[in-house]
Amino acid sequence: MASILFLCILFIMCIYQSLSFAAVAPFLDGLLENGNFEEGPKVSNLKKRQIIGKYSLPKWEIHGIVEYVSSGPQPGGFYFAIPRGSHAARLGNEASISQYVKVKPGAMYSLTFAVTRTCAQDEKLRVSVPGFSTELPIQTLFSSDGGDTYAWAFKATSDVVKVTFHNPGIQEDPTCGPLLDAIAIKEILPLRYTKGNLVKNGDFETGPHVFKNFSTGVLLLPKRTDIYSSLPGWIVESLKPVKYADSKHFSVSQGLAAIELVGGRETAIAQIIRTVPNKFYLLSFALGDARNGCHGSMTIEAFAARKTIKVSFTSTGIGGSKTAILKFQALSNRTRITFYSPNYHTKLHDYGHICGPVLDDVKVFPLK
């Protein structure tokens, strides 16, 4: 009897220890190994800029023509801007780089990566893990300083995934292709409702990894190219991405982050919330500018059930915000709330930098 009791106690202790270990399991949020490419190949493994050898780029596996490039003027009159460091990887015709990453099966992850085109207008980048992939066109430059950063989400199906970045294009110059500057990963934790607010992640605090040393925001891909959103709770239901703006580098109305609608009529963000048919609700949100030199009359249109509101904010590019409220009556047990900007904007002194109004602090309350 005593031995059985001892075994039961031992079994309970083992379960407790395993639960404790799970509770303190590391939260993945940072650069991949050599994710900024500052650890370069040996000189003996370089032929001019081309990396020779499958494993010559530390922590990465390469295929095809992959160049190790430095920031600044390049042969042929090119100039490569690498704002987050001194080095980057350039993927030539059908070239790829990949790395194995330890993850938690069933968990959601978001990859953040800085990429820009270097030659052709029609350059693309394919990002993949086993079972999931997307191909994003990078011909539109949202920043004029080579600082475009994207996020792409996936669900882990095993404890190790192979992350691959691939250039599917073929150009006349075989070295032409996307320039990868920095790559990070972040685990996206499950969301919880905020008491009194029917909107999940309405303050946009849960989102992708943001590079600390330099940021022009993180472009979040439309749903058609990102099945699992890097902004949980929200749907980017448009042709162009929206931008995740962090409070360290931008002005947001409250908290750590907000959403900048950078694509004009081609950018929209939405969420489907639970409602009671025929019941009245109040939708409130903050509208402002990101303190990034974007100027003019910033407008956001909001839609809920059959109601709509158009709110404008005159921006001088130095920050600021205002709050808008829309009263609506639910038509069913699910109501879609949608936000989009009807206008296109650029920075006052940099017409190559696309920008737009900032959305933040979205709330929906039932009226008693």
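The area buried between domain 1 and domain 2 amounts to about 2,400 Å², and carbon and sulfur atoms give 60% of this area. Buried area is the accessible area, found with a 1.4 Å probe, that two parts lose on being put together, summed over both. R84, F142 and A151 supply 27% of the area that domain 1 buries against domain 2, more than any other three residues. The model is predicted: local features need pLDDT of at least 70 and side-chain atom pairs count only at pLDDT 80 or more, whereas totals for chains, interfaces and linings use all residues. Residues are numbered from 1 along each chain as its sequence is written, and side-chain values use heavy atoms, with hydrogens and water left out.

Domain 1 covers residues 29-187 and domain 2 covers residues 192-366, with bounds that come from an automatic or database domain assignment. The centres of the two domains, taken over C-alpha atoms, are separated by 29 Å. Domain 1 brings 32 residues to the contact and domain 2 brings 25 residues, where contact means heavy atoms within 4.5 Å.

Between the domains, seven residue pairs are in polar contact, both residues being at pLDDT 80 or more. A polar contact is a pair of N or O atoms within 3.5 Å; within protein, one must be able to donate a hydrogen and the other to accept it, and residues adjacent in sequence count only if both atoms are side-chain atoms. Zero salt bridges are found across this interface, a salt bridge being a side-chain nitrogen of Lys or Arg within 4 Å of a carboxyl oxygen of Asp or Glu. On the side of domain 1 that touches domain 2, strand 13 gives the most, with seven residues.

The structure as a whole holds ten salt bridges.

The protein chain contains one helix and 28 strands; helices (H or I, at least four residues) and strands (E, at least two) are DSSP runs, numbered from the N terminus. Its C-alpha trace spans about 80 × 75 × 30 Å along the principal axes.
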